[in-house]
Amino acid sequence: MAAVKLIGSPISPFVLRTMIALSLKKVEYELLPEKLGEKSELLLKSNPVYKKIPVLIHHDRPICESAVIVEYIDQVWPESGYGAILPADAYHRALHRFWTFYVDDKLFPSLVAIGKAETEEAKAEAVEQFRAGLRLLEEAFVKLSEGKAFFGGDHVGFLDVMLGCFVVWIEAMEEVLSLELLEEATMPALHGWVVSFRAHEAVKEVMPESGKVVEFFKMIRAMRMKAAADAAN
Amino acid sequence: MAEAEQVKVLRFWASPWSFRVELALKLKGVPHEKVEEDLANKSPLLLASNPIHKKIPVLLHNGKAIPESLIILEYIDETWTDNPILPKAPHERGMARFWSRFIDDKCVGACWMSCWTEGETQQMFMEQARACLRILDDELGGRRFFGGESIGLVDISASFFALWLGVLQEVAGISLINGDEFPNLCRWIEGFVASDVVTECLPPRDKLLAVFQSKKQAILATKSMVY
C-alpha cells in the first residue's frame, strides 16, 4: 500500500505542479488518474469541499489545493532530492507566494479566456491581457533570478514550479491557435527560463508530451464548440 | 531580532484585511506604526509598495514591502516566532492554509454578493454563502477556536464573519449568520470578539455600520469590495 498517492493526471497543470514537486524530491508515489467526466469515490471523500484534483494522500490523510500541496511536500521532505523548493528567507518566500497568487488569480484565467474566446476580438483582448501578465512575470524573473536560471536562483524554486506547469499548455495553445503568447522579443528572460525549466531532469520526468496536450486541447475545444452549437439549436 | 525595527502597516480602519495583519502583529507583541490610507486618494508609498494591485494591506518591514493579507500573515509568523499562528505539523499546517484560502476564495465573496444582489441572483448567492458557513461550522465543531485553544491563522482569516458580516447583513436587511443554523460559528464569534487582543484591534461596530450605510448606494451600483 503506497504511503503517498496522488489523485489526478499530468494533463492538468495543477496536478503537474504537484508531480514536479514530488519529482524534485524524488518521492515515490502512486498516481491515481480520474476518468474524464466522472469523479471517483476516493476523490469525493478526500476533497469534499471542492471535489477537484489534485489531492495528495499521505498516510491516508488528504491534502487539497495545489499550492498547499507543494508547500506540504516541501515541509515533509525538506532535504530530499534537489533540496528545498521554497526560498530560505521569509521575504523571498513572500515574493514567490505573491507571484503564485498572481499566476492563479490573474494569469491563468486570462489563459483560459484565450482558449474559450468565441470571437477574434475577444481572443485578441484575452491574448493582450495574458501577454501583459507575462511581461510582469518577465520583470519579476529578472529581479528574483539575479542572473541565474530559475526564479529560485540556481535551483528550481516554488514560483518555477507554480508557473512552469503551464508551459506545455501555453505551447499547445500557440500551436493550435497560431499565436505567439510567450514572445521571445519582449520576454527574452522568460524564454530562456522555459528552456532551462524544460531541461531539468525532474521536470522532464513528469512533463506530458506536447503532442498529447495539443490533442487534448483540440478535443476540449471541439467538445465546447459542439455543446455551444447544440445549445443554439 | 534586529534592534530599531521598522514595522508599518498600510491600512484602512474599516478593512477586514488590514485588521488581519494588525491582529497578528498584536498577538505577537510586535510594535508597529499604522499608516491610514485614503482609498480614494492612495498615497505614493502605497502605490510604490504594491504597484501590481495598489491595495491595502501592505506590511513594510525594514523597507521590504509585503502585500496580500494571507501572505503577510505567513511572513509575520516566520519572522516573529513567539505565539505561533500556524501549526507546526505539516498536515495541520496544510489544513490551516486550506481553510484560509477557502474563506477568501469562496466564503467572503458569496456573503458579500448576498448582501448586494436581489431576486434569484441573491437567492443563489445566499445558498452558496450558507453552504460555506455550514462547512466552516462543521469544521470548527466544538473547538474554542479554529486554532484549538488559541487564535490561529484560520481564526484570523475568519474575522470577517466575527464583525463585518453581521454589520453587512444589517445594512442589507438579510439574515445569513444566525445561531440556529450555525451554532458553532456563533459561539466562536462571541469568544473571538470577547478576547482582549481582538477587542483592542477591532474597529467600532457603530462606525462600521455608519460607513456601510453611507456607502450602500455606491456599493449596490458596483458590487465592488473597495468602499
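A crossing of two helices is left-handed if the near helix is turned anticlockwise from the far one by less than a right angle. The exercises below use a predicted model.

**Exercise 1.** Describe how H4(B) and H5(B) cross.

*Solution.* 
- Step 1: locate the helices. In chain B, H4 covers residues 90–116 and H5 covers residues 119–140.
- Step 2: take the axes. They come within 8 Å and cross at roughly 145°.
- Step 3: assign the hand. The crossing of H4(B) and H5(B) is left-handed.

**Exercise 2.** Which residues of H4(B) and H5(B) meet, and how do they divide by class?

*Solution.* 
- Step 1: list the H4(B) side. Among its residues are B:Trp99, B:Phe102, B:Cys107 and B:Met113.
- Step 2: list the H5(B) side. Its residues include B:Gln122, B:Phe125, B:Ile135 and B:Glu139.
- Step 3: sort by class. The contact has 14 nonpolar, 3 polar and 2 charged residues.

**Exercise 3.** In what order do the 4 strands of the open sheet in chain A stand, and which are at the edges?

*Solution.* 
- Step 1: read the order. It is S2-S1-S3-S4, with mixed pairing.
- Step 2: find the edges. S2 (30–32) and S4 (61–64) of chain A each have a single partner strand, so one side of each lacks a neighbour in the sheet.
- Step 3: From one strand to the next, it averages 20°.

Technical notes:
Residues are numbered from 1 along each chain as its sequence is written. Chains are lettered from A and ligands numbered from 1 in the order in which they are written. This is a predicted model: local features need pLDDT of at least 70, side-chain atom pairs count only at pLDDT 80 or more; totals for chains, interfaces and linings use all residues. Side-chain values use heavy atoms; hydrogens and water are left out. Axes are lines fitted to C-alpha atoms, for helices over the stretch in contact, and angles run from 0 to 180 degrees between N-to-C directions. Helices (H or I, at least four residues) and strands (E, at least two) are DSSP runs, numbered from the N terminus. Contact means heavy atoms within 4.5 Å. Ala, Val, Leu, Ile, Met, Phe, Trp, Tyr, Cys and Pro count as nonpolar, Asp, Glu, Lys and Arg as charged, and the others, Gly among them, as polar. Two strands pair if DSSP finds at least two bridges between them.
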